[in-house]
Amino acid sequence: MPSDDVLVAGLRAGDEETFACLLNGWSGSMLRLARTFVSTAASAEEVVQDTWLAVFQGIGRFEGRSSLQTWVYRILVNVARRRGTHEQRTVPWTSLLPDEGPTVDPSRFRGAEDPYPGGWRAFPERWPTTENEVLAHEVRATVAAAIEKLPPRQQVVLTLRDIDGQSADDVCVLLGISTANQRVILHRARAAVRGHLERYFTTAGAES
Amino acid sequence: MTCAELVELVTAFLDGALDPETEERFVHHLSICEGCDIYVEQMRRTVAEVGQVGPEGLSGETRDRLLDAFRTFPRD
Ligand SMILES: [Zn+2]
């Protein structure tokens, strides 16, 4: 992705290649983010569409105080909130407590009666590298499926942090959640995806 | 710090968000525990693999409509 200066100049000048690049790069994350505010996939598409229309309109006023992506996503959150209120479906980001409980099955660790309580009963098995193209493809499919199975809030935080590469602070501001809450949600999401990968590597993909 | 405790702190560790004393115990534990070393490595790997996944995009119809709107948007 080109720098913000290039992107902003491109959008202002009506450069189609710039817009297509942004559309391809960000729309998936934007859909996911929209989906936590509105009730259907079709609604989420419209939120993304309305967001881009608002971006065309407002890009002349963009001052670069945040990154372009953060600015666009903030517009999306506003558009989506408005729409979500009509549909009576907003995931209450601020009032939800972080999910509770350990992210690794407690039976993997030794019990209180053991001389080493809380230690691994057996170490996690090492995973093979995925230089092999077929295996790499399967791993990507496993990860994609694992993300789809996450609760919406975890999907969004994981997408913003680990796919879009946004900072923890930006994600907190965007979603209006605390630093601690953001971290718990992200950690649960990563641990869940890791669990899927572990199952994949220790069963189906083990022959390499 | 036990292994069961360490696995819950990995994201805070990777974000550099542990307080200095906890971080020291975390790093010390990692240096002597192969199981946790593997676990942290797998979490890093997970983050990297997630980064490889492109999320699904818009329908072709919405995409075309937006490209069209961009092309015809009035500019001065
Ligand atoms: Zn350990």
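How much area is buried between chain A and chain B, and what share of it do carbon and sulfur atoms give? About 4400 Å² is buried between the two chains, with carbon and sulfur atoms giving 65%; buried area here is the accessible area (1.4 Å probe) that two parts lose on being put together, summed over both.

A word on the source: this is a predicted model, in which local features need pLDDT of at least 70, side-chain atom pairs count only at pLDDT 80 or more, and totals for chains, interfaces and linings use all residues. Residues are numbered from 1 along each chain as its sequence is written, chains are lettered from A in the order in which they are written, and side-chain values use heavy atoms, leaving out hydrogens and water.

Here is the interface in brief.

| Chain A with chain B | Value |
|---|---|
| Residues in contact (heavy atoms within 4.5 Å) | 60 residues of chain A, 42 residues of chain B |
| Salt bridges (side-chain nitrogen of Lys or Arg within 4 Å of a carboxyl oxygen of Asp or Glu) | 3 salt bridges |

One salt bridge joins E34(B) to R126(A), with the closest N and O atoms 3.2 Å apart.

Now to the zinc ion. Its protein donors (N, O and S atoms within 2.8 Å of the metal, or 3.2 Å for Na, K and Ca) are C3(B) through SG, H29(B) through NE2, and C33(B) and C36(B) through SG, at 2.0 to 2.3 Å. Along the chain these donors follow the spacing C-x25-H-x3-C-x2-C. The 4 donor atoms subtend angles of 102 to 113 degrees, so the arrangement is tetrahedral (four donors, all angles between 85 and 135 degrees). Both C3(B) and C36(B) are buried (under 20% relative accessible area, 1.4 Å probe, protein chains only).

How values were computed: Tetrahedral: all angles 85-135°; square planar, octahedral: opposite > 155°, others 65-115°. Buried < 20%, exposed > 50% of the residue type's maximum accessible area, 1.4 Å probe, protein only.
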